[in-house]
Amino acid sequence: QLQLVESGGGLVQPGGSLRLSCALSGSTLDYYVIGWFRQAPGKEREGVSCISSGGGSNNYADSVNGRATISRDKAKNTVYLQIGSLKPGDTAVYYCAAGAPMDIRRCLVSTHNYAYWGQGTQVTVSS
């Protein structure tokens, strides 16, 4: 059974940065698209970024494009999401998810594309 565990969240001042980690167990990154989603209180879960099963392609939401970098360490079976220039609007619970290989251009369209989810990590951007 595939499991995903997020870490790296916390309280950050506006303008700061964070690196979130998503560690997989039970299988390897080579079989899954990994997506990062976030959900703020009272809002729907939205896609932030994703990386292809081969690691060669990625996609970013407009809200973080230019501020975020998704990467992976195959040896550690871990995907990272680094976000800089953080704003209060980035405050949310961040989730990573794994899905079957898909067109990377559509990887942020729907949560239904992902069968496995982590428990989430809270990111709070506040002074």
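Guide: Let's start at Val48, which touches Trp36, Phe37, Arg38, Asn59, Tyr60, Ala61, Val64, Leu81, Tyr94 and Leu108, if you skip residues up to four places away in sequence. Contact here means heavy atoms within 4.5 Å. This is a predicted model, so local features need pLDDT of at least 70 and side-chain atom pairs count only at pLDDT 80 or more, while totals for chains, interfaces and linings use all residues. Residues are numbered from 1 along each chain as its sequence is written, and side-chain values use heavy atoms, with hydrogens and water left out.

Val48 belongs to strand 5, residues 46-51; strands are DSSP runs of E, at least two residues, numbered from the N terminus. With a relative accessible area of 0%, Val48 is buried. Buried means under 20%, exposed over 50% and partly exposed in between, using a 1.4 Å probe and protein chains only. Asp62 is 14 residues from Val48 in sequence, and their C-alpha atoms are 8.4 Å apart.

The largest nonpolar core has 37 residues, and Cys22, Ile34, Trp36, Val79, Leu81 and Tyr94 touch the most other members. Such a core is a set of buried Ala, Val, Leu, Ile, Met, Phe, Trp, Tyr and Cys residues joined through side-chain atoms within 4.5 Å. Strands 3, 4, 5, 7, 8, 9 and 11 each supply at least two residues of this core, and strand 9 gives the largest share, five residues. Take Ile34: leaving out neighbours within four places in sequence, its contacts include Cys22, Leu24, Ser49, Ile70, Val79 and Tyr114.

Phe37 is buried at 1% relative accessible area. How does Phe37 sit against Trp117? The two rings make a tilted aromatic pair, 5.1 Å centre to centre with 55° between the planes. Rings of Phe, Tyr and Trp (its six-membered ring) pair if their centres lie within 6.5 Å; planes under 30 degrees apart count as stacked, over 60 as edge-to-face and the rest as tilted. This pair links distant parts of the chain, with Phe37 in strand 4 and Trp117 in strand 10, 80 residues apart. Trp117 is partly exposed, at 27%. The centres of the Tyr114 and Trp117 rings are 6.2 Å apart and their planes stand at 65°, so that pair is edge-to-face. Tyr114 is buried, at 5%. Phe37, Tyr95, Tyr114 and Trp117 form one aromatic cluster, and the structure holds five aromatic pairs.

Tyr95 also has a charge over its ring: Arg45 lies over the face, 3.7 Å from the ring centre. That label needs NZ of Lys or CZ of Arg within 6 Å of the ring centre and within 35 degrees of the ring normal. Arg19 lies over the face of Tyr80 too, at 4.1 Å from the ring centre.

Key
Helices (H or I, at least four residues) and strands (E, at least two) are DSSP runs, numbered from the N terminus.
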